Amino acid sequence: MAWCMTFLARVAKDRGEYTHSAAIFAKTLALFREVGHTDGIAFTLEGWAGLAAISGDPYAAARIFGAAAALREAINRVQPLYERDTAASSDTGSATWQLAWAEGHTLPAEQAIAVVLGQSLTIEA
């Protein structure tokens with residue numbers, strides 16, 4: 001069910017329904033955390049990072065992308081191509097983005113989840 005929900009959140013994000021998308025991502029992240037599904041947590045964090053990028057917060061996006069990358073490395077999984085596109089559309093070349101990504105990369109999974117669940121995004125439709 002969590003996988004279906006995370007894809008639904010991505011559809012909502014692509015349709016510009018950002019508040020709805022954020023709510024679904026938060027529920028999905030809690031479900032994946034409950035069952036300890038690292039791949040699902042990483043996938044959901046990447047979706048949330050995309051929302052952060054859309055909201056105009058490249059620092060938060062980079063930090064969450066970094067945390068997701070660390071989780072993927074731990075389980076030897078690559079980032080899906082469409083998530084790489086989202087990350088690449090951010091200012092990945094700037095020193096600030098790289099530092100934020102590196103900071104996120106060192107976050108323990110539980111802390112990254114807490115950051116996301118405690119984050120409030122303001123996105124203009």
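Are α1 and α3 roughly parallel or antiparallel to each other?

Reply: This is a predicted model, in which local features need pLDDT of at least 70 and side-chain atom pairs count only at pLDDT 80 or more, while totals for chains, interfaces and linings use all residues. Residues are numbered from 1 along each chain as its sequence is written, and side-chain values use heavy atoms, with hydrogens and water left out.

The protein has seven helices and zero strands, where helices (H or I, at least four residues) and strands (E, at least two) are DSSP runs numbered from the N terminus. For the pair in your request, the axes of helix α1 (residues 2–14) and helix α3 (residues 38–54) come within 11 Å and cross at roughly 15 degrees; the axes are lines fitted to C-alpha atoms, for helices over the stretch in contact, and the angles run from 0 to 180 degrees between N-to-C directions. α1 and α3 are therefore roughly parallel to each other, given that angles under 35 degrees count as roughly parallel, over 145 as roughly antiparallel, 65 to 115 as roughly perpendicular and the rest as oblique. The crossing of α1 with α3 is left-handed, a term for a near helix turned anticlockwise from the far one by less than a right angle, with clockwise giving right-handed.

On the α1 side, Trp3, Thr6, Phe7, Arg10 and Lys13 make the contact, and on the α3 side they meet Asp39, Gly40, Phe43, Thr44, Glu46, Gly47, Gly50, Leu51 and Ile54, contact meaning heavy atoms within 4.5 Å. By class, these residues divide into five nonpolar, five polar and four charged; Ala, Val, Leu, Ile, Met, Phe, Trp, Tyr, Cys and Pro count as nonpolar, Asp, Glu, Lys and Arg as charged, and the others, Gly among them, as polar.

Threonine 28, placed in helix α2, is buried with a relative accessible area of 0%, where buried means under 20% relative accessible area, exposed over 50% and partly exposed in between, with a 1.4 Å probe and protein chains only. Leaving aside neighbours within four places in sequence, threonine 28 is in contact with Ala2, Met5, Thr6 and Thr44. Alanine 22, also found in helix α2, counts as buried at 15% relative accessibility, and, with neighbours within four places again left aside, alanine 22 is in contact with Trp48 and Leu51.

Helix α2 (residues 18–35) also meets helix α7 (residues 109–118), their axes coming within 10 Å and crossing at roughly 160 degrees, which makes α2 roughly antiparallel to α7. This crossing, too, is left-handed. Ala26, Leu29 and Arg33 of α2 and Glu110, Ile113, Val116 and Leu117 of α7 make the contact, a set with five nonpolar, no polar and two charged residues.

Within α7, Ala112, Ile113 and Val116 are buried, and because they cover an arc of only 100 degrees around the axis, the arc being that of the directions from the helix axis to the C-beta atoms, they lie on the same side of α7. The buried residues of α7 are covered by elements that include α2, α3 and α4 (58–74). For the protein as a whole, 46% of the 125 residues count as buried.
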